[in-house]
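Hi everyone, thanks for coming.

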Amino acid sequence: MNVAPWVWILTVVGLSAIIVIDLFLINRGENKDFTTRRAAFWSVFYISLAVLFGVAVWFFAGGRYAGEYFGGFVTEKSLSVDNLFVFMVILTRFAVPRHAQHTVLMAGVVIALILRGIFIALGTAALNNFTWVFFLFGAFLLWTAIGLVRGDDEEEVKENALLRWAKRVVPTTDEYEGDRMLTRRDGRRMFTPLFIVMIAIGSTDVLFAVDSIPAIFGLTTEPYLVFTANAFALMGLVQLYFLIGGLADRLVYLSYGLAFILGFIGVKLILHALHEYGAAWAPDISIWLSLTVIGSTLAITTVASLMAGRRGEGRKDEAATGDEAAAESADERPQEATDVH
């Protein structure tokens, strides 16, 4: 895919402008209080932008590259949703006030963009010069998929060395002060707990970048498509966070769906590497088959999760009805005994 320098420049400028508007206009002042309806509107808006960009890729570069873009976007967006659940754990653990959560999430988006840009550049250089890196990426994705099935992502978020160091040496106040990270106490400059939360989010983003970049390289090795798919997947995450807050406990099978997708892409990478090394028996899985597998897996996972949630609610209703009936029966027995007496 031959992308002219001016296309790169125009794309980066356009995406940067959208992100700046998102971070500094939509999420500022009175606009920081997101209702479910408002969060849904902006989430649909950003997804629509991503779809329109994919249509443009189809028009200018053809169906193959459009398929690679859509496959990468859907995969990265799905991983971003799973990552948001981890952010929820972090924000809850540090008891971040609702009005300050926007600042934390916006910082997380910016950090994620920077980190993924670095990983994309490194990954592209490695894949262009060393075919065996496909084996490494594939094995890593398979290992990540096994960890998801075992439930490693459901464990409590552990403090890494950077976070432990910061909490030990950085002078920090005990209370939050709005969305400020730096304040002054008794003439001394001190950080607020929000700064520690930023470190937790930022260091977690490193792990997310390590997971997501090998996944999208399994679908496309075009740097332009990798970059744009990641950028559009990260857009609107602040709004999406408040939209899916009530769904965190209902998408019970999401981790299994993501595990299958990562495992599938891992196998695809390994087969592609074998094919490059001359193994005629190793098929090179098409992007359209990959896109079908990814879309079907996410659809089945979502439907199964929602059905399981409804069954669980039905059992709770039955149990509540049974408890009410038992209580009513218990209330009637003393009265009956009195009447007989």
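Before we look at any pair of helices, a word on angles: each axis is a line fitted to C-alpha atoms over the stretch in contact, and the angle between two N-to-C directions runs from 0 to 180 degrees. Please also keep in mind that this is a predicted model.

With that in hand, let's take helix H4, residues 98-129, and helix H8. Their axes come within 10 Å and cross at roughly 165 degrees. Angles over 145 degrees count as roughly antiparallel, and that makes H4 roughly antiparallel to H8. The crossing of these two is right-handed. On the H4 side, the contact is made by Val109, Ala112, Leu113, Arg116, Ile120 and Thr124. Facing them from H8 are Pro223, Val226, Phe227, Asn230, Ala231 and Leu234. Sorted by class, that contact has 9 nonpolar, 2 polar and 1 charged residues.

An α-helix has 3.6 residues a turn, so residues three or four places apart point the same way.

H8 has another partner, so let's turn to helix H7. H7 covers residues 193-217 and H8 covers residues 223-234; their axes come within 10 Å and cross at roughly 130 degrees. That makes H7 oblique to H8. Here too the crossing is right-handed. H7 brings Ser212, Ile213, Ile216 and Phe217 to the contact, and H8 brings Leu225, Val226, Ala229 and Asn230. This contact divides into 6 nonpolar residues, 2 polar and no charged.

What about the remaining pair, H4 and H7? At what angle do they pack? The answer is about 35 degrees, with their axes 8 Å apart. Once again, the crossing of H4 and H7 is right-handed. Their contact divides into 18 nonpolar, 6 polar and 2 charged residues.

Let's stay with H7 for a moment. Is it mostly buried or exposed? Of its 25 residues, 20 are buried, so H7 is largely enclosed by the rest of the structure. Its length also works out: at 1.5 Å a residue, H7 should span 36 Å, and its end C-alpha atoms are 37 Å apart, which agrees.

Threonine 204 sits in H7. Its relative accessible area is 11%, and the cut-off for buried is under 20%, so threonine 204 is buried. Which residues does it touch, leaving aside neighbours within four places in sequence? Those are Val86 and Ile90. Isoleucine 90 is 114 residues away along the chain, yet the two C-alpha atoms are separated by 9.7 Å.

Of the contacts with a separation of 6 or more, 77% are between residues 24 or more positions apart. Buried residues make up 45% of the 341 residues. Overall there are 11 helices and 2 strands.

Last stop, helix H10, residues 254-276. It has 23 residues and reaches 33 Å from first C-alpha to last, close to the 33 Å expected. H10 is followed by glycine 278, whose phi is positive, near 95 degrees.

Note on methods. Residues are numbered from 1 along each chain as its sequence is written. This is a predicted model: local features need pLDDT of at least 70, side-chain atom pairs count only at pLDDT 80 or more; totals for chains, interfaces and linings use all residues. Side-chain values use heavy atoms; hydrogens and water are left out. Helices (H or I, at least four residues) and strands (E, at least two) are DSSP runs, numbered from the N terminus. Angles under 35 degrees count as roughly parallel, over 145 as roughly antiparallel, 65 to 115 as roughly perpendicular and the rest as oblique. A crossing is left-handed if the near helix is turned anticlockwise from the far one by less than a right angle, and right-handed if clockwise. Contact means heavy atoms within 4.5 Å. Ala, Val, Leu, Ile, Met, Phe, Trp, Tyr, Cys and Pro count as nonpolar, Asp, Glu, Lys and Arg as charged, and the others, Gly among them, as polar. The expected span of a helix is 1.5 Å times one less than its number of residues. Buried means under 20% relative accessible area, exposed over 50%, partly exposed in between (1.4 Å probe, protein chains only).
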